[in-house]
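Hi,

Here is the structure I promised to pass on. Have a look at it first, and then read my notes below.

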Amino acid sequence: SLLLQHWIISNIAFLIMQQSVRCNRISLACRPVSSAVRRSQQKSRRNVTPCKVSARSTNGAVNGNGEGDFIVQRNLALELVRVTEAAALAGARWLGRGDKNAADQAAVDQMRKVLNSIAMDGVIVIGEGEKDEAPMLYCGERIGTASEPVVDIAVDPLDGTTLVSQGRNGAVAVIAVAEHGALFDPGPCMYMEKLAVGPTVSPRAVSLNRSTASNIRAVAEAQGKAVGEVTVVILDRPRHADIIQECRNTGCRIRLISDGDVAAAIEVAKAGAAADMMLGIGGTPEGVIAAAALKCMGGHIQGRLWPRNDEERKASIEQGYDLEKILHTDDLASGDQIFFAATGVSDGDLLRGVRFFAGGATTNSIVMRHQSGTVRILETQHRWERPGMTNLEPDGLETQLQHRGSGAGGRLISH
């Protein structure tokens with residue numbers, strides 16, 4: 001009986017202690033929390049990298065230093081894909097019709113309209129030319145709704161205008177967006193030497209200062225291939241005659257392309273790609289756009305400015321450009337807040353082109369974000385009966401087709 005009494009007293013004491021603890025927890029939960037403590041708790045829960053993009057963020061948060069380093073929490077790339085889809089749908093209607101200017105204008109018109117619907121304060125840093133050369137998407141043009149974040153934008157509404165006009169493969173619509181000041185300004189030098197490789201090749205293993213044969217052997221070693229199994233993509237231009245011959249001397253495979261080296265550069269970083277390296281001289285703006293994509297994919301690009309004549313050389317030197325310096329991926333596209341989107345216009349190894357069906361079309365796109373490392377391949381179906389930002393009204397489309405020279409695009413309807 002003494003043992004029974006001891007057991008009952010112990011259990012009653014345990015129950016009283018549990019009840020006391022529960023009451024203390026309820027008291028703490030109901031106790032008012034000061035605003036300073038709440039801000040501290042909220043700050044400790046944030047687990048994202050700040051990005052220097054504007055004086056205020058979309059959620060009004062500031063860092064502890066009060067320096068105005070704020071957070072881009074949206075994945076802009078998922079919104080930017082509507083931009084490239086609109087450009088691709090408009091440009092694809094001119095496939096094989098022999099009018100590259102009309103194809104380019106159609107893509108520019110629709111890209112600009114959709115860009116202006118996105119909540120951002122953007123500035124075109126790489127576009128269709130200077131203000132006096134291009135009426136839309138010119139360098140320095142402000143794009144978006146004028147709300148935050150503040151970003152720099154590089155666009156090529158139709159990379160491969162000649163490809164589209166001739167009905168050839170490989171044309172894409174592309175856009176890259178980055179925090180302010182992150183994208184390289186090509187200045188007066190519109191061409192550069194380029195070397196692009198995928199993520200399996202160390203950027204230290206290849207260099208524009210090394211011979212073509214040395215770079216090919218390095219790529220073969222990094223990928224565990226024989227030299228004869230390495231595929232090099234090169235723009236088919238007279239200026240590349242020596243590079244092509246050097247490649248042939250090594251015994252590697254060569255794929256010559258007529259246009260569209262943005263897609264070719266990106267392709268080398270794609271899993272299971274048909275190409276291992278891109279070499280040659282091409283546009284500097286296209287090199288910057290490709291750098292943004294390759295950075296998101298873990299690939300690498302090197303560039304070196306290549307003045308076309310003495311005038312460009314003199315202007316570049318006067319503006320402080322080092323024409324001997326090798327520009328790496330981070331020189332061309334710096335920072336963590338980099339977004340990229342591309343949509344196929346005509347069929348290519350990177351993306352499939354626009355497919356039209358009765359009452360609509362399908363598009364194939366690639367969407368990337370550097371900070372998260374995500375690369376998405378999207379298949380989108382567009383129906384004309386349910387028009388949106390990427391879809392033209394039928395009557396607006398006919399207006400565009402009839403007045404292609406005027407640059408007037410079809411009317412867009414917002415969701």
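In which hand does H3 pass H4 where they cross? The crossing of H3 over H4 is right-handed. Before you read too much into any of this, remember that the model is a predicted one.

Let me start with that helix pair. Two packed helices are described by the angle between their axes and the distance between the axes. Here, H3 (residues 76-92) packs against H4 at about 155°, and their axes are 7 Å apart. Angles over 145 degrees count as roughly antiparallel, so H3 and H4 are roughly antiparallel to each other.

Who touches whom? From H3, the residues in the contact are Leu80, Arg82, Val83, Thr84, Ala86, Ala87, Ala90 and Gly91. They meet Ala103, Ala106, Ala107, Gln110, Met111, Val114 and Leu115 of H4. Sorted by type, the residues of this contact are eleven nonpolar, three polar and one charged.

If you are looking for a pattern in those numbers, here is a handy one: an α-helix has 3.6 residues a turn, so residues three or four places apart point the same way.

Next, each helix on its own. H3 has 17 residues and runs 24 Å from its first C-alpha to its last, close to the 24 Å expected at 1.5 Å a residue. H3 is also mostly covered, with 14 of its 17 residues buried. Buried residues of H4 include Ala102, Asp104, Val108 and Asp109. Ala103, Ala106, Ala107, Gln110, Met111, Val114 and Leu115 are on the buried list too, and you have already met them in the contact with H3.

Leu137 sits in the loop between strand E1 (121-126) and E2. Leu137 has a positive phi of about 55°, although it is not a glycine. Is Leu137 buried or exposed? Its relative accessibility is 0%, so Leu137 counts as buried.

The loop between E2 and E3 holds Ala146, another residue that is not a glycine but has a positive phi, here about 70°. Ala146 counts as exposed because its relative accessibility is 61%.

Pro149 also lies in the loop between strand E2 (142-143) and strand E3 (150-159). What kind of peptide bond joins Glu148 and Pro149? That bond is cis, with omega at about 10°.

Cheers

Conventions. Residues numbered from 1 in each chain as written. Predicted model: local features only at pLDDT ≥ 70, side-chain atom pairs only at ≥ 80, totals over all residues. Heavy atoms only, no water. Buried < 20%, exposed > 50% of the residue type's maximum accessible area, 1.4 Å probe, protein only. Helix = DSSP H or I, 4+ residues; strand = E, 2+ residues; numbered from the N terminus. Axes fitted to C-alpha atoms, helices over the stretch in contact; angles between N-to-C directions. Parallel < 35°, antiparallel > 145°, perpendicular 65-115°, else oblique. Left-handed = near helix turned anticlockwise from the far one by under 90°. Contact = heavy atoms within 4.5 Å. Nonpolar A, V, L, I, M, F, W, Y, C, P; charged D, E, K, R; others polar. Expected span 1.5 Å × (residues − 1).
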